[in-house]
Amino acid sequence: MTLFWTATLLLATAMAGLLALALLRGHRHTGPAEAFDLQVYRDQLTEVDRDLARGVISEEDAERLRTEISRRILTADAKAQSHGDAGAQSPVLGSVVAATMAAVLVGGSYWIYTQIGAPGYGDLGLAARMEMAETARANRPSQAEAEAEMPATSETEIQPEYAALVQRLRGAVAERPGDLQGHILLARSEAAMGNYLAAYEAQQQVLSIKGDDANGKDYADLADMMVLAAGGYVSPEAERVLEAALTRDPENGVALYYMGLMMAQTGRPDVAFRLWDRLLRQSPPNAAWLPPILTQIEEMAFRAGVADYQVPAIAGIPGPTAEDVEAAGEMNAEDRQDMIRGMVARLSDRLATEGGTPEEWARLISSLAILGDEAQAIAIWNNAQEVFADNPDALEIVREGARAAGLVL
């Protein structure tokens with residue numbers, strides 16, 4: 001940084017010096033503009049005499065031209081006399097203007113850099129940024145360290161009957177450690193109650209029991225619980241689980257979302273943007289990962305250097321209006337989150353008054369859960385069960401949204 005500031009100061013000072021020198025030497029030694037006119041008119045008189053000598057013009061024409069040129073000479077001379085030394089520049093004024101300009105140039109450059117520059121940071125080329133991202137990725141905190149930093153949270157309010165069932169389930173799997181179905185139910189139940197640490201421990205037992213038969217969704221569920229236990233942080237251990245999930249199922253949406261999140265957290269917004277943009281374009285409208293991507297994709301596009309990014313339309317889901325898109329471009333992250341909440345609220349009101357497709361109900365339930373409004377998500381799920389009581393296929397679609405939100409097993 002010392003070299004940077006030294007070079008910047010020297011360049012700004014040199015530029016200010018050149019401009020100041022031009023000002024101080026700004027005195028016109030050639031006189032006013034009329035002096036040039038006088039010289040031109042005198043040359044014209046000489047030309048008139050030459051033309052007369054060669055016989056090009058007559059004596060009468062020559063006399064008329066001399067009279068006109070002489071008149072012009074007198075007018076120009078009068079103007080030159082009246083201007084006097086008006087082209088001269090006051091040395092004191094020139095010095096003051098030069099000093100002011102130098103101060104503005106040097107001081108203004110420093111002020112602009114402090115406002116839009118990055119004081120204290122060296123030049124970060126693409127290769128250097130990628131190297132820093134790899135270093136951050138390799139040295140980030142472990143799962144245990146992230147969990148230890150998590151603040152204490154209040155317990156999720158659940159019905160006493162449900163809590164009693166979960167407690168009995170814990171005892172049952174403790175007595176039967178090889179009970180696959182019991183561990184699957186326990187992992188989902190603990191997650192629904194917000195006990196993510198206990199949830200992913202139970203999910204680890206599911207993977208252990210399944211062995212080579214574990215699929216991509218099993219691993220993605222484990223990674224999901226690990227990330228939630230760490231407060232949204234993707235640890236190296238969670239990353240390895242995500243890699244295992246994508247090895248078994250390269251198109252697993254949960255794993256792709258969290259891989260993008262990990263890339264964003266470790267300084268690779270370009271990779272995160274590409275993953276999320278592709279995921280947006282190929283996901284079903286009730287996918288649980290759509291709401292968190294929609295809240296972050298525009299910021300990720302900006303960080304990735306993608307100008308004028310437009311969120312792709314999602315089939316079956318009413319998108320934002322033109323006014324919403326225009327307003328979102330001028331919002332900060334908090335205001336944009338509020339706008340998304342407003343869109344979810346409008347969808348909720350429309351479904352309550354006009355009804356909608358089961359995909360929209362599922363999307364609403366998962367969106368509310370991800371936005372943290374679990375009570376409203378539960379209320380919408382209960383309402384959906386009444387609305388689609390006579391349509392088992394539609395109810396199953398809504399149930400998938402509730403399952404993705406952790407409301408049902």
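**Exercises on helix packing in a predicted model**

The buried residues of helix α13 pack against α12 and α14 (290-303). The model used throughout is predicted.

**Exercise 1.** Determine which residues of α13 are buried, and compare the span of the helix with the expected value.

*Solution.* Helix α13 covers residues 269-282, which is 14 residues. From its first C-alpha to its last it reaches 20 Å, close to the 20 Å expected at 1.5 Å a residue. The buried positions in α13 are Pro269, Val271, Ala272, Phe273, Leu275, Trp276, Asp277, Leu279 and Leu280.

**Exercise 2.** Describe how α10 packs with α12, giving geometry, handedness and contact residues.

*Solution.* Two packed helices are described by the angle between their axes and the distance between the axes. For α10 (residues 216-229) and α12 (residues 253-265), the axes come within 9 Å and cross at roughly 40 degrees. Therefore α10 is oblique to α12. The crossing in which α10 passes α12 is left-handed. On the α10 side, Ala220, Asp224, Val227 and Leu228 take part, and they meet Val254, Ala255 and Tyr258 of α12. Classified by type, this contact holds six nonpolar, no polar and one charged residues.

**Exercise 3.** Locate His183, decide whether His183 is buried or exposed, and list what His183 touches.

*Solution.* His183 lies in helix α8, residues 180-192. Buried means under 20% relative accessible area. His183 counts as buried because its relative accessibility is 5%. Leaving aside residues up to four places away in sequence, His183 touches Val173, Arg176, Pro177, Ala202, Gln205, Val206 and Ile209.

Conventions: Residues numbered from 1 in each chain as written. Predicted model: local features only at pLDDT ≥ 70, side-chain atom pairs only at ≥ 80, totals over all residues. Heavy atoms only, no water. Axes fitted to C-alpha atoms, helices over the stretch in contact; angles between N-to-C directions. Helix = DSSP H or I, 4+ residues; strand = E, 2+ residues; numbered from the N terminus. Parallel < 35°, antiparallel > 145°, perpendicular 65-115°, else oblique. Left-handed = near helix turned anticlockwise from the far one by under 90°. Contact = heavy atoms within 4.5 Å. Nonpolar A, V, L, I, M, F, W, Y, C, P; charged D, E, K, R; others polar. Expected span 1.5 Å × (residues − 1). Buried < 20%, exposed > 50% of the residue type's maximum accessible area, 1.4 Å probe, protein only.
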